[in-house]
Amino acid sequence: MNKEEYLKKLTKLIYKLPKEDRQDILSDYEEHFMIGLEKGRTEEEISMALGDPKTVAKQIKAEYMVKKAEDKPSASSITRAIMAAAGLGIFNLLFFVLPTVVLTMVILALFVLGGAMVFGGILIILSSIFQPFYHNVQILTNDGGILSSLGGLAGGIGLAILGSVLLVGMTYVARWFYGLIIRYLKLNLKIIQEQKMV
Amino acid sequence: MVMNTQFKKGVLELCVLALLDRKDCYGYEMVDEISKNISISEGTIYPLLKRLKNEGFVISYLKESPDGPPRKYYRLTDLGKKKKDKLVDEWGEFSMGVNNLLYSKITNNLGDIKDE
C-alpha cells in the first residue's frame, strides 16, 4: 500500500469523526510518512510498519467515542461508545451488553411506572373534582357522594406525589448507571493500551 | 500472540513517557527510538499519544524543522512526570519478580539448593 492508499483507507474508516479530529489524526500520519520518506524509507515500507489501517482506526474510534459519551451523555453516544470498544475485542460483547440492556430496561420500566402513577393520580384528582357535577361521567369512582370524592382526591394526590418521587429517584439512578458504564469502558481502554504491570 | 501484542502495548506507554522525560520529541522520533529496541506496530503510537494528551500527561506544540514543514512535538507535563515515575517503579518491581522466577536457582523450604 502506498501513502495515498493508506491515508485514503484510514480517512474512510474514521469518516464518522468530526472534520477537525479527522484532520488532526490524518496530519499525524501524513507527517509520519513525510519524515519516513526523508529518512529514505519507501511508502510501502512505512505503510507496512504502521500496521493495518483497520486496527489503527478501531483504536482511534474507541478512544473518541468513549470521550464523547463522557462529555455529552446521551443514549446514542453511550451505545456508540460500547460498540466501538467492543470492536477492539476488549470484552465479550454478550457478557457486557446483556446485563446492560436488562438493567436499562428495568430503569426505563420504572420511569414509565413513575409517569403512569403521576398521570393516573392526576386523572383520579380530576375525576373526583368533576364527578359531583357530571354524574354521567364515571371514570373511577362509582357513586358521586362528596365523601368518596374527597377520598379519591386524597388518593390521587398521594399517587401523583409517589410517582414524582419515583421519577426523581430514577433520574439519579440513571445518572449513576451511566457513569458506571463510562468508567467501565475507560478502564477497558486503559487495560488494552496499558496492560498494567501486575 | 494476542497476549504478546497486548503486553507490548502496555510497555509502549511507559517507553513514550520515559523518552519524553529526557527531551521533547515528535512522533516519528519516538517510533524510531522505540523500534530500535522493540518491534512495534508503529501506527498505534498516535492513538496512544492522543490519549496521553486527553489525560493531561503530555502537551503538543508545532516547531519549525530545518528540512521541511513544522513538526508536532510532545512535551511531558508535571502530571505526566508523576505517571512516568509510577510506571517505572511498577515496571522495576514486575521485571525483577519475573527475573527472579526465570534465573534464580530453585530452592526448597530450607533454602538448600535442589539437584536438577
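Ala81(A) touches Met65(A), Val66(A), Ala69(A) and Leu185(A), leaving out residues up to four places away in sequence; two residues are in contact if their C-beta atoms, placed from the backbone, lie within 7 Å. This is a predicted model, in which local features need pLDDT of at least 70 and side-chain atom pairs count only at pLDDT 80 or more, while totals for chains, interfaces and linings use all residues. Residues are numbered from 1 along each chain as its sequence is written, and chains are lettered from A and ligands numbered from 1 in the order in which they are written.

**Nonpolar core**

- The largest nonpolar core has 44 residues, and Val66(A), Ala81(A), Ala85(A) and Val16(B) touch the most other members.
- Helix H4 (residues 53–71) of chain A gives the most to this core, with 8 residues.
- Such a core is a set of buried Ala, Val, Leu, Ile, Met, Phe, Trp, Tyr and Cys residues joined through C-beta atoms within 7 Å.
- A residue is buried if 20 or more other C-beta atoms lie within 10 Å of its own, exposed if 12 or fewer, and partly exposed in between, with C-beta atoms placed from the backbone.
- Helices (H or I, at least four residues) and strands (E, at least two) are DSSP runs, numbered from the N terminus.

**Gly121(A)**

- Gly121(A) lies in helix H6 (residues 93–130) of chain A and is buried, with 20 other C-beta atoms within 10 Å.
- Apart from neighbours within four places in sequence, Gly121(A) is in contact with Gly156(A), Ile157(A), Leu159(A), Ala160(A) and Gly163(A).
- A distance of 8.2 Å separates the C-alpha atoms of Gly121(A) and Ile161(A), which are 40 residues apart along the chain.

**Helix H2 of chain B**

- In helix H2 (residues 27–37) of chain B, the buried residues are Gly27(B), Tyr28(B), Met30(B), Val31(B) and Ile34(B).
- Seen down the axis of H2(B), these buried residues fall within an arc of 155°, so they line one face of the helix; the arc is that of the directions from the helix axis to the C-beta atoms.
- Lys36(B) and Asn37(B), on the other side of H2(B), are exposed.

**Sheet of chain B**

- Chain B has an open sheet of 3 strands in the order S1-S3-S2, with antiparallel pairing; two strands pair if DSSP finds at least two bridges between them.
- Strands S1 (25–26) and S2 of chain B stand at the edges with a single partner strand each, so one side of each is left without a neighbour in the sheet.
- S1(B) and S3(B) pair over 2 bridges, and Tyr26(B) stands opposite Tyr73(B) in S3(B).
- Strand S2 (residues 58–65) of chain B is joined to strand S3 (residues 68–76) of chain B by 7 bridges, and a hairpin links S2(B) to S3(B) through 2 residues.
- Lys63(B) stands opposite Arg71(B) in S3(B).
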